[in-house]
Amino acid sequence: MKKILFTISIAFSTFLNAQNYVHQTLILNEGYFDYLTDSILVPVTIGSYNPTTNDYQTVATLNDMRFASDLIINGNYYYVAADTKIFKMDLNTHQEIASVSCVGVRNLGIYQNKLIATRGEYLTTFDSYLHIYDANTLSLIQAIDTISGPKWASQNIVIDGSAAYIAINNGYEWGNEKGIVGKLNLDNLSYGNEVDLGPDGKNPDNLMKSGDFLYTVNNKDWSNASVSKVALNGSSNVTVNLQSVATGCGTSALRDDKLVYQISMETTLNEFDINLMNLSGPITGHSINYYELAQEPVSTYLYASNTDYFSYGKVFIFNANNTEIAQFDAGISPGTIVFDIRPSVGLIEQENSLSIYPNPTNENLYLSEFSSGKTRILDLSGKEVISTFEKTVNVSNLKNGAYLLENNGKCYKFLKN
């Protein structure tokens, strides 16, 4: 089971008000493992998508892994849970820094220097379903056993302050699914305070946090689905069944104050109000069966992946009105989508927007406060794409998106459309 968590020209007004930008979107492609022949036909890959230029490229391949289930970013690194190993990768070069064996690893979370990993495997019993590693070296700090920790296969992780909340589903033992949210104290690594979601809250396939509450999407016995809401302070716990659902939930994500989800094998995208805990109805503009959903936090665009699990993978991007604004080809089974959010480059943007015009532009950009020095056009990662000494800058060959113009020590943002 995969983690469900959560163009492209980003609107110029968004950049004027935002201090952060999406440097890249990482796509974890799970690949294609043929269980009949016990062979890897397509390896696990990691792709990087540039939301400014709409370019996608494969940046890393994890050989000998049957599948991958999670990817998280922390500082200058990202960590990948893949079948039997955890990988630590450089966020900029995508080179492998370290790896450690962790059979059945499912999902990851990080707090300071502690990397938390949940475990679970079909027809396999472990003596520990919760591992804690040193995030720098990937050396094992502690394997919490089934006496003092989770007793069954565990999956999603939510970090809130110094607490890690763990979704325990035992989803690999059909007919004996569990619905439990456990709490790990990350300061002293003590585990306890489990919350039982009840008979309708079994088999949580997703765990999310919004405000002072945790939300789970539950697959129950795979014939139905439900949503549970648990107060972080333990004061309340409620589960609501999703009506007219014949099969389990295929994918889900928080989108603002709503939960968007799709039933397995269906093409309708539904919306669930997490405050009122009821179904808001289907969302127009969606007619594809999705594999993963994720909301990008800067522009609030919705990324949705689609795949046939063996020959293609594609990601669609929708704005707040559910209009498709971009799409790109990815690897096979793009199952986790993570956003590399960074502060704007270290150039100070000037307030006077009249210094460059027109803005947006599709061809020429004029400087009203021109200096005889060099003018540089940079993309949002700080890479120089144009250098000129002319007062008029032709940007027609640039891909659509947001850029920075630097001249005479001043920096301006503009949009090429």
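## Strand S30 and its sheet

Strand S30 (residues 334-343) is mostly covered, with eight of its ten residues buried; buried means under 20% relative accessible area, exposed over 50%, and partly exposed in between (1.4 Å probe, protein chains only). Strands here are DSSP runs of E with at least two residues, numbered from the N terminus. This is a predicted model, where local features need pLDDT of at least 70, side-chain atom pairs count only at pLDDT 80 or more, and totals for chains, interfaces and linings use all residues. Residues are numbered from 1 along each chain as its sequence is written, and side-chain values use heavy atoms, with hydrogens and water left out.

S30 belongs to an open sheet of four strands, in the order S5-S4-S1-S30, with antiparallel pairing. Strand S5 (55-62) and S30 stand at the edges with a single partner strand each, so one side of each has no neighbour in the sheet. On average, neighbouring strands of this sheet are turned by 25° against each other, direction ignored; the axes behind that angle are lines fitted to C-alpha atoms, for helices over the stretch in contact, and angles run from 0 to 180 degrees between N-to-C directions.

## Who pairs with whom

Two strands pair if DSSP finds at least two bridges between them. Strand S1 (residues 20-29) and S30 pair in the antiparallel sense over nine bridges, and leucine 26 stands opposite valine 338 in S30. Over at S5, seven bridges join it to strand S4 (residues 44-50), again antiparallel. Glycine 47 has threonine 58 in S5 as its bridge partner.

## Rings that meet

A search of the whole structure turns up eleven aromatic pairs. Rings of Phe, Tyr and Trp (its six-membered ring) pair if their centres lie within 6.5 Å; planes under 30 degrees apart count as stacked, over 60 as edge-to-face and the rest as tilted. Take tyrosine 290 and phenylalanine 318: their ring centres are 6.4 Å apart and the planes are at 65°, so this pair is edge-to-face. Tyrosine 290 lies in the loop between strand S25 (278-283) and strand S26 (292-295), and phenylalanine 318 in strand S28 (residues 313-318), so the pair ties together parts 28 residues apart in sequence. Tyrosine 290 is buried, at 4% relative accessible area, and phenylalanine 318 is buried too, at 3%.

Elsewhere, ring pairs link Tyr49, Tyr56, Tyr303, Phe328 and Phe339 into a cluster.
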